[in-house]
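Good morning, and thank you for the time on today's agenda. I would like to take you through one structure, beginning with a single packing contact.

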Amino acid sequence: MTLVKLMRWESMLGLVLVAEVVLFSSLSPYFLNVDTLSDASFNFTERALIALPLALLIIAGEIDISVAAIIALASVTMGLGAAHGVGTPGLLGLGLATGLLAGCVNGALVTVGRVPSIVATIGTMTLFRGAAYAILGNRVLKEYPGSFAVFGQGYLAGPVSIELALFAVFALAFGLFLHRTRWGRAIYAIGANPVASRFAGLDVNRYKFALFALTGLFAGLAAVLLTSRLGSTRPSIAQGWELEVIGIVILGGVSVWGGKGTIMGVVLAALVFGLVTFGLGLMNIPGIVMSIFTGALLILVVAVPAWLQRR
Amino acid sequence: MTRATLLSMLCAILALAGCGKSEAPRSGATRVGVVAKSLGNGFFDAVRKGADEAAKELGAEVIFTGPTTPTAEGQIEVLNALIAQRVDAIAVSANDPDALVPTLTRARDRGIKVVSYDSAVAQAGRDAHLAPSSDQLIGETVIALTAELASEGRGKFAVVSATPTSTNQNSWLDQMRKALVARPGLDLVGVAYGDDVSDKSYREAVALLKQHPDLAVLVSISSIGIVASARAVEDQGLTGRVKVTGLGLPSELAGYVQKGVVPKFAIWNPIDLGYSAMQIAVQLARGGDAGKPLSMGRMGEVTFAADGVGAMSKPFVYDASNVAEFAQIF
């Protein structure tokens, strides 16, 4: 039953995506253009990259609301490193390490501290963001070496940006991991019934800790990309992104109750989300209307399956 | 069946969001993207009004846009959309002077002229920046207002500033002292620092009033300081004897203007700012050179310094005749 339903969800997202492309290219003469679409990809790649591990975490029945705050903290760490003369590879390492460490803090709070993940990560969200503000205040860090710009502004080949290529590679890797390995099946099992999973011999806490660490690591990666793209760090960086990332995951058909969802759905949702905001922007629909629209889309996406199930 | 229902619902929303804006761009008209710090902000609604006025005069088209929240990331998304539409120029008030540079550099690489207004973009990312005013013009205007309010241009006045380290405040004070040379009747008797904190500014203002019983004018060049000063004068029962002026926001001062505590004050006019930014953007897009003085229509000419920064005009003076109208804007 679930398989049929999920297949239906993804094909629906696919159709929505096609509808978007048809609609926007008929409404705006600028939409179907390689350069334009390449530019548009920057609107979602960083958020989509975090959505991949977060999808696994939500499938496993947990959540991480601190991802945007982790970006801020990692960006501040890199900024301070750059101010002290750390080179590009060192900055990459700093960003990833900060993210990983922050993810481990979340993981430890939930698995060792037994704090519910929503409470733990609301706490760390305030903590990490607060630390970024405490360190930087009104200042801005922008002493990044020129070569650091490659991550967020560089292109692999033609119009394919490094960010987009990274997303494609990791989407494939996460898809294979979740759907083709026993670890992936274990994640579904943990989300569907953690108690039964524990009795079946799965080390539930270890899985959860690893997933929090992975989510933190990817928030660190997103921090590297975003900081590189902006070329500067302010403590307000990536403000509000946690909701957008969670929005992508839920739009992708991942159940907030855990145990259900696919990487394919998340990837399609990221594209739907990215193209909707870009397409509406192209038609100069004000951002306020746009956020009402994306909000409505999200409610619809969560409400409709619930309504279908009741019937 | 259900799939079809779902799909049609989603498509309906998409279509709904898309309708009404489907006309193709008019070729020929110069199109300028005017970008706000955030939408739903009265200041930028006024900027838009000015930009529309300039567009009508010049036969250009304004695409007014901005992010929902005042973030650099949101502004970059908006800028990407403008670049994709191949607008001829962009006028932007930056949420972050540095973070917009890579995106705006790409815009300029594709032949789009970039002007920042109000809040500057770092020099590498723009062709020109239009500041609402300059330190010198602000200093001169404040002293001119002080002279007008002191009887026959003579008397003592004191200043409530923000912090002693504030760059803006100090350069305005310097310019005020320079402007004072031409007005020997005015006597600056003291500068107090309220740190841009309401109650500290209030206490400093009261202290100045007690210290100098023959004070004619109390000047504050901070929007928090001027409100505190006005309240201090009112509370001390000195309304009419000591006049308050300086830089402030119409919405915060409208009440004091009606009561006569602050007969006049100055601040830039966002309508003029939008009008001038649009004038400059259109001229640059039509081949104008930011190295030479550019016309800003009814606002006169602007000359950009070596760093690409130009000043629009003297701050606009608000009094009982116009403050109510602008109080609704900002």
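Please note that this is a predicted model. From H4(A), the residues involved are Val67(A), Ile70(A), Ile71(A), Ala74(A), Ser75(A) and Met78(A). Their partners in H11(A) are Thr215(A), Gly216(A), Ala219(A), Gly220(A), Ala222(A), Ala223(A), Leu226(A) and Thr227(A).

How do the two helices lie against each other? H4(A), residues 67-83, packs on H11(A) at an angle of about 55°, and their axes are 8 Å apart. Because angles between 35 and 65 degrees fall in the oblique class, H4(A) is oblique to H11(A). The crossing of H4(A) past H11(A) is right-handed.

I turn now to the meeting of the two chains. Here 45 residues of chain A are in contact with 40 residues of chain B. On the chain A side, helices H1 (2-27), H2 (34-41), H11 (204-230), H13 (263-282) and H14 (287-310) each supply at least two residues. Which helix gives the most? That is H14(A), with nine residues. The chain A side as a whole divides into 26 nonpolar, 13 polar and six charged residues.

Finally, let us consider chain B. Strand E8(B), residues 215-220, pairs with strand E9(B) in the parallel sense over four bridges. Within E9(B), Gly246(B) has Ser220(B) standing opposite. In a regular strand, side chains alternate between the two faces of the sheet. Both faces of E9(B), residues 243-246, are covered: Lys243(B) and Thr245(B) are buried on one side, Val244(B) and Gly246(B) on the other.

Notes: Residues numbered from 1 in each chain as written. Chains lettered and ligands numbered in written order. Predicted model: local features only at pLDDT ≥ 70, side-chain atom pairs only at ≥ 80, totals over all residues. Contact = placed C-beta atoms within 7 Å. Nonpolar A, V, L, I, M, F, W, Y, C, P; charged D, E, K, R; others polar. Axes fitted to C-alpha atoms, helices over the stretch in contact; angles between N-to-C directions. Parallel < 35°, antiparallel > 145°, perpendicular 65-115°, else oblique. Left-handed = near helix turned anticlockwise from the far one by under 90°. Buried ≥ 20, exposed ≤ 12 C-beta atoms within 10 Å, placed from the backbone. Pairing = 2+ DSSP bridges.
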